[in-house]
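Here are my notes on this model, in numbered points. Have the structure open while you go through them.

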Amino acid sequence: MVDSHCHLYDDKISGRCDEIIANFANDNIDYVIIPSCDYDSMQKAFDLSQKNEKVYSALAVHPHDAKSFDDDCEKFILQNASNDKVVALGEFGLDYFYNLSPVKAQIEVLERQLNLCNEVDLPAIFHIRDGVDVASHWNSYSDFFATVKNVCPKRGGVMHCFGGDKDKARKALDLGFNISFTCNVTYKTNERLREALAYIPLDRLMIETDSPYMSPRTMRDRPNEPKNVYYVAECISQIKGVDINRVFEITKQNTEKLFFKIK
């Protein structure tokens, strides 16, 4: 199995980070990808990828911190993007649920990092989350799709922790993006997500935990961790009617096709 998106440096789980990585073999984890959210986490994700064979990193500034994106952030990305263990720019995008950064700043930083993807020749890991009133013009998916049509990453990208419906999935697929699901697809109330999952072809699916967040339905009282990516694969297996080992194989292939630097 591969966990294509986890935050092992997060305070909720960082105390167990070394233990979790040491247990990868026992947990059937081939490798993980650790994205970043701001300047500090870019350094942490990069350092973890340098110290651990089965850890890769992605560098970017999350929409929550778009207001803090500066030349130092861009310089760190440009200086380290060519490193063998840096496989993408991410996670970045738009988040209108909390609006921790102004919408204008989020869109500007989205465009800036899309251009950086093409400058450093790496794929993107996207974070897109709608606001409460998705019918209004404050619709992150609409603004995202409009933006990437003008500045599309040449190396492609993945919609991390997908939270949209079948129509949004179709638009993402039409743009050439992969779609990744977390353990929240196991929640009883997320039937819309499972309908989208059923629609998406297997060769465009990826799996992740978003650890320490999005714990599986039966474990929501504790932090998530990479080994729980099994439950995402299990859900795909049930919905698609495909053996779970085949799901492991295909999602790993999809991850390595997108993140082409992974050896």
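**Notes on the model**

1. Arg16 is partly exposed at 33% relative accessibility (buried is under 20% relative accessible area, exposed over 50%, partly exposed in between, with a 1.4 Å probe and protein chains only). A quick word on ground rules: this is a predicted model, where local features need pLDDT of at least 70 and side-chain atom pairs count only at pLDDT 80 or more, while totals for chains, interfaces and linings use all residues. Residues are numbered from 1 along each chain as its sequence is written, and side-chain values use heavy atoms, with hydrogens and water left out.

2. Glu225 is the salt-bridge partner of Arg16, with the closest N and O atoms 3.2 Å apart (a salt bridge is a side-chain nitrogen of Lys or Arg within 4 Å of a carboxyl oxygen of Asp or Glu). The two sit 209 residues apart: Glu225 in the loop between β8 (205–207) and α8 (229–240), Arg16 in the loop between β1 (2–3) and α1 (17–22). Helices (H or I, at least four residues) and strands (E, at least two) are DSSP runs, numbered from the N terminus. Glu225 itself is buried, at 11% relative accessible area.

3. The structure holds 14 salt bridges. Another one pairs Asp71 with Arg112, at 3.1 Å between the closest N and O atoms. This pair also links distant parts of the chain, with Asp71 in helix α3 (residues 71–80) and Arg112 in helix α4, 41 residues apart. Asp71 is exposed at 58%, whereas Arg112 is partly exposed at 30%.

4. For a local case, look at Lys171 and Asp167, whose side chains meet in a salt bridge (3.5 Å, N to O). They are separated by about one helical turn because they are four residues apart in helix α6 (residues 166–174). Salt bridges with shared partners join Asp167, Arg170, Lys171 and Asp174 into one network.

5. What lies closest to the centre of the largest pocket? Among its 33 lining residues, the closest are His62, Asp95, His127, Arg129 and Asp210. By class, the lining has 10 nonpolar, 10 polar and 13 charged residues (Ala, Val, Leu, Ile, Met, Phe, Trp, Tyr, Cys and Pro count as nonpolar, Asp, Glu, Lys and Arg as charged, and the others, Gly among them, as polar). On a 1 Å grid over the protein atoms alone, a pocket is an open set of points where a 1.4 Å probe fits, with protein on both sides within 12 Å along at least five of seven lines; lining residues have an atom within 4 Å of a point.

6. Thr255 is in helix α9 (residues 244–258) and is buried, at 0% relative accessible area.
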